[in-house]
Amino acid sequence: MIERKITGNLVNAYFICHRKVWLFAHEINPSLDNPYLEIGTLIGEQSYKREKKEIQAGNMKIDLIKKENGNIVVAEIKKSSKGEKAATMQLLFYLYQLRQKGIEANGELLIPKERKKISVELTEENEKELKKAFADIKEILKMETPPPLKKISFCKNCAYSEFCWA
Ligand code: SF4
């Protein structure tokens, strides 16, 4: 069993594939020349270059943070809306972490390729869903071996596809 802090990336992975959570947490690095990683990095670097202010605080790595009409807005940038649920939960994780520190913020999920901006708000209901994910992630991390392989639609574009399916 490994001890690891829950991070936004783990929360994102949980809503995609539990095996991905385990691989990520065990620092099994996907191939760095994977084109999907590259696209993700490029989108993160090029879109919103002027307002981009990536911050790392504890187990949070926030893509962009800004002040709008006196409110703090935390944004997460993604390459497509395919993983919208996972990206939303990742963003909610940051809003939750900030609330624990006494900071109230709103969230924005940005998908520049699709010109989408989705507002995300931490509610009692999605906070419950998040806490269930935390408990499940801890259970996944206790596993000696990764959860079994199961082909899902995300496998095609997953950075671990070579590792899982080669
Ligand atoms: S390739 Fe598929 S099974 Fe493997 S980690 Fe990615 S999504 Fe999960």
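I take buried to mean under 20% relative accessible area. The model I am reading is predicted.

**Glutamate 127**

Leaving out residues up to four places away in sequence, I find Glu127 touching Tyr96, Arg99 and Leu122.

**Helix 5**

I then checked the length of helix 5. With 19 residues at 1.5 Å a residue, helix 5 should span 27 Å, and I get 28 Å between its end C-alpha atoms, which agrees. I list its buried residues as Asn126, Glu127, Leu130, Ala133, Phe134, Ile137, Ile140 and Leu141. Looking down the axis, I see these buried residues fall within an arc of 130°, so they line one face of helix 5. On the other side of helix 5 I note Glu124, Glu125, Lys128, Lys132 and Lys138 as exposed.

What covers the buried residues of helix 5? I find helix 1, helix 2 and helix 4 included in the cover.

**Helix 2**

Helix 2 runs over residues 18–25, and I mark Arg19, Val21, Trp22, Leu23 and Ala25 in it as buried. I traced what the buried residues of helix 2 pack against: helix 1 (8–14), helix 5 (124–142) and helix 6 (161–165). Just after helix 2, I read a positive phi of about 55° at glutamate 27.

**Nonpolar core**

I turned to the largest nonpolar core, which has 34 residues. Those with the most contacts inside this core are Val11, Val21, Val74, Leu130 and Ile137. I find at least two core residues from each of helix 1, helix 2, strand 2 (60–62), helix 4 (84–100) and helix 5. Helix 4 supplies the largest share, 9 residues.

Not counting residues up to four places away in sequence, Val74 touches Ile62, Leu64, Ile65, Leu91, Tyr94, Leu95, Leu98, Ala105, Asn106, Gly107 and Glu108.

**Aromatic pairs**

How many aromatic pairs does the structure hold? I get 4. One of them joins phenylalanine 93 and tyrosine 94; I log this pair as tilted, at 5.8 Å centre to centre with 55° between the planes. Both Phe93 and Tyr94 are buried.

Another pair is formed by phenylalanine 93 and phenylalanine 134, and I log it as edge-to-face, at 5.8 Å centre to centre with 85° between the planes. Phe93 lies in helix 4 and Phe134 in helix 5, so this pair ties together parts that are 41 residues apart in sequence.

**Lysines over rings**

Last, I looked at lysines placed over aromatic rings. I find lysine 82 over the face of phenylalanine 154, at 4.2 Å from the ring centre. Lysine 151 lies over the face of tryptophan 165, and I read 4.2 Å from the ring centre there.

Notes. Residues numbered from 1 in each chain as written. Predicted model: local features only at pLDDT ≥ 70, side-chain atom pairs only at ≥ 80, totals over all residues. Heavy atoms only, no water. Buried < 20%, exposed > 50% of the residue type's maximum accessible area, 1.4 Å probe, protein only. Helix = DSSP H or I, 4+ residues; strand = E, 2+ residues; numbered from the N terminus. Contact = heavy atoms within 4.5 Å. Core = buried A, V, L, I, M, F, W, Y, C linked by side-chain atoms within 4.5 Å. Expected span 1.5 Å × (residues − 1). Arc of directions from axis to C-beta. Phe/Tyr/Trp six-rings, centres within 6.5 Å; stacked < 30°, edge-to-face > 60°. Lys NZ or Arg CZ within 6 Å of the ring centre and 35° of its normal.
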